[in-house]
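Hi,

Here is the model I promised to pass on.

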Amino acid sequence: MQSRSIPQRPRIREPLPLEQKTVKSAGRVLEILEYFDDVQQPATVMEVADTLGYPQSSTSALLRSLVSLGYLDYDRFKRTYVTSHRVALLGSWVNSDFISEGSVISLMKELSELTGDTIILAMRNGYYMQYIHVIQATSAARLHVTLGTTRPLAASGTGFAMLSTLSDHEIRRIVMRVNADADEGKPHIKLAEVMQHVEHARGARYAFSCDMVTRGGGMIAAPLPGPQGSPALVVGIGGISEVMRAREAELAGIVIGCIGARLGKREPNEVAVDEAIGDPMLQAILRSRRMASMS
């Protein structure tokens, strides 16, 4: 097995003045994020602690905290940590013109313009989905979503979209773990019901849920294609339940069409997607953008 080469930083740690000791942990969090920006690859607790000169126990605690907050991803098989997509979006408002050039953010802005609904970007964080970027709705009937919100991986629209990218064996393992960790008296998640949502998402290329987590709220979500080995992302359109039910085919067509135009190639069954949108103007807009992306 080929060993990984981890760039080493100088292990210089001068004693902190008394007035700065209360913020030592904050400084360590930032240095950990800078460490990953420097090495640009996953690292173990020992590698981080050794390079930065921290005690292994406190380093492990900080890394676990950053995972729970969604700023690091943890590979439990390799026992390595790496920065998440949420870190990449930090400070995007400072230089929005630059960030807007990214295909995912551009996709979200396009969905916002076409629908007027709330657009979210979500990633997996353990057994939850976490909203790491949100464009709030501009329509009158709007659903406000808070950045950083989490939803159950096995019981939400974004979660079903994410599960649709995994194997049946992995989904079964997740449901068993979630049920095992559930609070006493809380109803267990039924694998058969989860698989119904997953099979729909696999066939239709989007997941749809209403009143599942937020009463009166609905979500149409689809997984995004990404580089091999990169943590998967899900984009979603959120809105009022009754509106989402009435517009399901239209909104699903828009999100699938925009993903195909921005991040993938047009597939034969996208003709059916265009027809599902219903609005000739929206169909024309999506077709023109697909043509532009292929040129």
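This is a predicted model: local features need pLDDT of at least 70, side-chain atom pairs count only at pLDDT 80 or more; totals for chains, interfaces and linings use all residues.

Is the crossing of H6 and H11 left-handed or right-handed? It is right-handed, meaning that the near helix is turned clockwise from the far one by less than a right angle.

Residues are numbered from 1 along each chain as its sequence is written, and side-chain values use heavy atoms, leaving out hydrogens and water.

Back to the pair: the axes of H6 (residues 103-115) and H11 (residues 248-263) come within 10 Å and cross at roughly 150 degrees. Axes are lines fitted to C-alpha atoms over the stretch in contact, with angles from 0 to 180 degrees between N-to-C directions. H6 and H11 are therefore roughly antiparallel (over 145 degrees). Residues making the contact (heavy atoms within 4.5 Å) include Leu107 and Leu111 of H6 and Ile254 and Val255 of H11.

Leu111 and Val255 turn up again in the largest nonpolar core, where they, Ile220 and Val235 have the most contacts inside it. That core has 28 residues, and H11 gives the most, with 7. A core here is a set of buried (under 20% relative accessible area, 1.4 Å probe, protein chains only) Ala, Val, Leu, Ile, Met, Phe, Trp, Tyr and Cys residues joined through side-chain atoms within 4.5 Å.

Cheers

How values were computed. Helices (H or I, at least four residues) and strands (E, at least two) are DSSP runs, numbered from the N terminus. Angles under 35 degrees count as roughly parallel, over 145 as roughly antiparallel, 65 to 115 as roughly perpendicular and the rest as oblique. Buried means under 20% relative accessible area, exposed over 50%, partly exposed in between (1.4 Å probe, protein chains only).
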